[in-house]
Amino acid sequence: DGDALRIVRAVRFAAQLGFEIAETTRVAMKEQAKYLRDISAERIQVELTKLITSDNPKRLVEAYNLGITEIILPEFDEMMKTQQNNPHHLYSVGMHTIKVMENVPNTPAYRYAALFHDVGKPACKHTGEDGIDHFYGHHKVSEKMAKDILRRLKMDNATINQVSRTVLYHDYGISWKADEISIKAFRRFVAKLGIENAADFFVIREADVAGQAEINAEDRLID
């Protein structure tokens, strides 16, 4: 078991300390990744949490390339494989997610909320007749999936609740363009979200927009 866990630990150390993994080591890690199935969820979660709360959460892509997430977080593989043919997006769901993770504080709750805010998109993808991709209702699917994944990883209930709530409301649809802003709409929004949760929403929302295309980004900050 210890040998297999070292595979995740190596990527985590690379993320924390900023070093590159030698190619010969990468080959061996890829071959041994399948043995991660034998590692307990709690131990996997400890390493995954340290990896994504590091200064280099983008190293999760390295875990994907090495076949690690295929075993410990297959939902991320689906995100990496899901393209977004949409004028608001430049990246696959997975790469957009990495950008959002890089733009939120490095607490477990924020990083997991960023990681899972669009986890439901692959299941919700619909391509219109014009060839544009849409992901209707993905926030609700993402909330359920985030809960299920974090429970599977034996995360504590407080973090699960905070993450799932932030994921559910991350795409809340209200237009706050300068000429349309309404105190009434703002109060309705805060009442629905809860004043104690508003800060989480704004952090994730701003990071979400930062990881999208530049077109009309200002208008979409709370749109």
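Is glutamate 20 buried or exposed in this structure? Glutamate 20 is exposed, with a relative accessible area of 62%. Here, buried means under 20% relative accessible area, exposed means over 50%, and partly exposed lies in between, with a 1.4 Å probe and protein chains only.

Before going on, some ground rules. This is a predicted model: local features need pLDDT of at least 70, side-chain atom pairs count only at pLDDT 80 or more, and totals for chains, interfaces and linings use all residues. Residues are numbered from 1 along each chain as its sequence is written, and side-chain values use heavy atoms, with hydrogens and water left out.

Now the overall picture. The protein has 223 residues, and 49% of them count as buried. Its secondary structure comes to 13 helices and two strands. Those are DSSP runs numbered from the N terminus: helices are H or I with at least four residues, strands are E with at least two. Next, contacts, meaning heavy atoms within 4.5 Å. Take those between residues at least 6 apart in sequence: 66% join residues at least 24 apart.

Let's look inside. Helix H7 covers residues 93–102, and seven of its ten residues are buried, so H7 is largely enclosed by the rest of the structure. Among the buried ones are His96, Ile98 and Met101. What do the buried residues of H7 pack against? They pack against H3, H4, helix H6 (74–81), helix H8 (108–116), helix H9 (121–124) and helix H13 (198–210).

On to salt bridges. A salt bridge is a side-chain nitrogen of Lys or Arg within 4 Å of a carboxyl oxygen of Asp or Glu. The whole structure has eleven. One joins the side chains of arginine 9 and glutamate 47, at 3.2 Å, N to O. Arginine 9 lies in helix H1 and glutamate 47 in helix H3, so the pair ties together parts that are 38 residues apart in sequence. Arginine 9 is partly exposed, at 27%. Glutamate 47 is buried, at 4%.

Back to glutamate 20. Its side chain meets that of arginine 59 in a salt bridge, 3.1 Å from N to O. This pair links distant parts of the chain, 39 residues apart: arginine 59 is in the loop between H3 and H4, glutamate 20 in the loop between H1 and helix H2 (23–32). Arginine 59 counts as buried, at 10% relative accessibility.

Now a local pair. Lysine 144 forms a salt bridge with aspartate 148, and the closest N and O atoms are 2.8 Å apart. The two are four residues apart in helix H10, so about one helical turn separates them. Lysine 144 is exposed, at 51%, and aspartate 148 is partly exposed, at 36%. Elsewhere, salt bridges that share partners join Glu20, Glu23, Arg26, Arg59 and Glu62 into one network.

Two loops to finish. Serine 54 sits in the loop between helix H3 (41–52) and helix H4 (60–65). Serine 54 is buried, at 5%. Leaving aside neighbours within four places in sequence, serine 54 is in contact with Ala15, Gln16 and Arg111.

Lysine 154 is in the loop between helix H10 (138–152) and helix H11 (157–169). Its phi is near 60°, a positive value in a residue other than glycine. Most residues other than glycine have a negative phi. At 49% relative accessibility, lysine 154 counts as partly exposed.
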